[in-house]
Protein chains: 2
Amino acid sequence: MPSRRIRIKISYDGTTFFGWQVQPDLPTVQSELERVVSGIEGAPVQVAGSGRTDAGVHALAQVAAFSIQNPIPCENLRRAMNRLLPHTIRVFDVEEADPAFHPRFDATGKHYQYRIWRDEICPPFDRPFLHHHPYPLDESAMEAAAPLFEGEHDFRAFAAADEKDGLGKSKIRNVFRSRLRREGAVLLFDVEGSGFLKHMVRNLMGTLVEVGKGNLSRADMATLMTPPYGKCGASVPAKGLFLISVHYGEARLRS
Amino acid sequence: MPSRRIRIKISYDGTTFFGWQVQPDLPTVQSELERVVSGIEGAPVQVAGSGRTDAGVHALAQVAAFSIQNPIPCENLRRAMNRLLPHTIRVFDVEEADPAFHPRFDATGKHYQYRIWRDEICPPFDRPFLHHHPYPLDESAMEAAAPLFEGEHDFRAFAAADEKDGLGKSKIRNVFRSRLRREGAVLLFDVEGSGFLKHMVRNLMGTLVEVGKGNLSRADMATLMTPPYGKCGASVPAKGLFLISVHYGEARLRS
């Protein structure tokens with residue numbers, strides 16, 4: 001039977017998962033998906049994602065793909081997956097894809113959002129999905145600083161510690177949009193780019209928080225993206241971060 | 001030192017609590033509040049609520065009160081309580097009250113809201129705060145039926161099983177407002193009244209669901225509020241229920 005390539009879109013509450021990537025004996029989003037799809041297929045199936053999300057990071061619309069031979073219609077597959085998955089992961093779209101489709105290599109952009117609750121009292125209902133920072137911040141300075149990340153830069157200063165020394169791997173990324181705005185009691189940081197280094201979004205946000213505290217100037221920020229780089233602001237907690245969407249342009253980067 | 005009567009307003013996520021009322025060795029909202037206020041006072045303090053909420057029921061603005069001698073200003077008391085309470089309970093208002101104030105006996109009305117998610121896929125982020133019912137319901141019939149609960153009725157058919165045989169206790173309650181409406185994918189049932197029997201709101205909602213399924217007519221509903229009463233529709237899960245507010249009129253019912 002010819003193999004089908006299936007593309008899915010999923011939401012997840014990252015609170016109880018040890019991130020996206022399969023890890024032995026730990027609940028991860030990828031391992032839950034592989035368990036369920038393998039069960040439906042009756043054979044081991046690997047599920048590829050558009051990229052890893054860290055432990056505690058949430059997703060509104062992560063994209064993943066897998067190959068199966070089972071002729072089950074897409075709509076029935078969606079229902080079956082949602083019946084078998086924990087309620088913290090929901091599949092809201094299933095469709096046939098090009099046999100060569102790869103959610104990571106074909107992605108042309110990603111949109112992340114970081115959410116900070118600014119009031120003294122954080123509503124108990126939203127708390128797993130916000131970083132609570134009720135202390136003074138110069139939000140105007142932060143808003144003015146956020147677009148400085150836009151453009152093609154070497155973001156090595158914003159990579160995770162265990163990625164910083166990776167030899168030969170480019171740390172250059174293209175940030176299309178980097179904007180901060182207030183919505184009620186929430187400070188929202190939206191960042192879109194060609195791709196992101198491990199921990200990069202949380203480090204960008206942490207750096208803007210340092211700007212808000214007056215510990216970093218715009219000039220300091222610029223030096224972080226030019227040699228000899230240096231050290232970015234402290235990271236912020238995973239639970240305020242959402243993968244909002246993954247974009248696929250007309251042209252595949254690999255096909 | 002003269003005793004102060006303190007009135008507080010609190011929000012809580014009921015998911016992890018065994019309801020409002022103190023129970024030995026189980027986490028409850030009342031026991032958390034009493035632990036924290038007693039710690040601040042340095043002596044045992046009892047906290048009275050406007051009424052019990054069942055295990056799993058949430059509150060946007062529950063009202064409670066207690067008496068202390070500690071002269072701590074209200075704002076500092078609020079901060080201290082929020083520092084010591086779990087993040088699933090937040091105190092957002094603290095004020096001095098009349099020494100005779102009792103949150104239960106002085107209450108003149110309460111507003112509850114029940115939330116049903118109607119689409120096939122329930123967002124993982126909202127799931128602890130919604131009842132998921134994606135199956136067909138005649139929502140127009142439900143909307144038309146909801147106001148039948150308004151007025152003064154004997155609601156014994158809607159009381160919890162363990163309350164049904166309580167001798168001598170009136171089951172008559174005055175419902176000021178009982179309305180159902182759609183907001184996006186959520187079906188909202190708002191009910192306000194002088195007071196509610198144990199499980200009454202969930203039983204009213206369950207009865208409206210039976211109307212939506214075509215199992216109960218408007219005529220059947222009317223018979224539930226007249227002798228010989230009978231059996232209401234099956235209850236709905238606690239997690240969709242919110243205590244929205246508690247009202248205190250000009251005149252105290254007991255003072």
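A polar contact here is a pair of N or O atoms within 3.5 Å, and within protein one must be able to donate a hydrogen and the other to accept it. With that in hand, I opened the notebook on this predicted model.

**Entry 1: where the two chains meet**

I applied that rule to the interface of chain B and chain A and got four residue pairs in polar contact, both residues at pLDDT 80 or more. I then asked which elements of chain B supply at least two residues each to the side that touches chain A. They are strand 1 (4-12), strand 3 (58-68), helix 2 (74-84) and strand 4 (89-97). Sorting that side of chain B by class, I noted eleven nonpolar, five polar and six charged residues.

Next came the extent of the contact, which takes 22 residues from chain B and 22 residues from chain A. Chain B and chain A bury about 1700 Å² between them, with 67% of it on carbon and sulfur atoms. Which residues of chain B lose the most area to chain A? I wrote down Ile121(B), Pro124(B) and Phe125(B), which together make up 39% of what the chain B side buries.

I also looked up the charged pairs and found that the count between chain B and chain A is four salt bridges. One that I followed joins Glu120(A) to Arg78(B), where the closest N and O atoms are 2.6 Å apart.

**Entry 2: how the copies are related**

I superposed chain B on chain A, and a rotation of 180° with 0.0 Å of shift along its axis does it, at an RMSD of 0.0 Å. That is the relation of a two-fold axis. Do the copies meet through the same surface or through different ones? It is the same surface, because 100% of the interface residues of chain B are also interface residues in chain A.

**Entry 3: inside chain A**

I turned to the domains of chain A, which is divided into domain 1 (4-97) and domain 2 (109-247). The contact between them takes 16 residues from domain 1 and 15 residues from domain 2. Taken over C-alpha atoms, the centres of these two domains are 27 Å apart.

The two domains of chain A bury about 1100 Å² between them, 59% of it on carbon and sulfur atoms. On the domain 1 side, I listed Asp54(A), His58(A) and Leu60(A) as the residues that lose the most area to domain 2, together 44% of what that side buries.

The side of domain 1 that touches domain 2 divides into six nonpolar, seven polar and three charged residues.

**Entry 4: one salt bridge between the domains**

The count between domain 1 and domain 2 of chain A is one salt bridge. I looked at Arg202(A) and Asp54(A), whose side chains meet in a salt bridge at 3.3 Å, N to O. Over all chains, the structure holds 32 salt bridges. Arg202(A) lies in helix 4 (residues 200-213) and Asp54(A) in the loop between strand 2 (48-49) and strand 3 (58-68) of chain A, so the pair ties together parts that are 148 residues apart in sequence.

**Entry 5: a look at His153(B)**

Last, I checked His153(B), which is found in strand 7 (residues 151-154) of chain B. A polar atom of the His153(B) side chain lies 2.8 Å from the backbone oxygen of Glu150(B). Not counting residues up to four places away in sequence, His153(B) touches Leu148(B), Lys171(B), Ile172(B), Arg173(B) and Met225(B).

How values were computed:
Residues numbered from 1 in each chain as written. Chains lettered and ligands numbered in written order. Predicted model: local features only at pLDDT ≥ 70, side-chain atom pairs only at ≥ 80, totals over all residues. Heavy atoms only, no water. Domains from an automatic or database assignment. Contact = heavy atoms within 4.5 Å. Buried area = accessible area lost by both parts, 1.4 Å probe. Nonpolar A, V, L, I, M, F, W, Y, C, P; charged D, E, K, R; others polar. Least-squares fit on C-alpha atoms with pLDDT ≥ 70 in both. Helix = DSSP H or I, 4+ residues; strand = E, 2+ residues; numbered from the N terminus.
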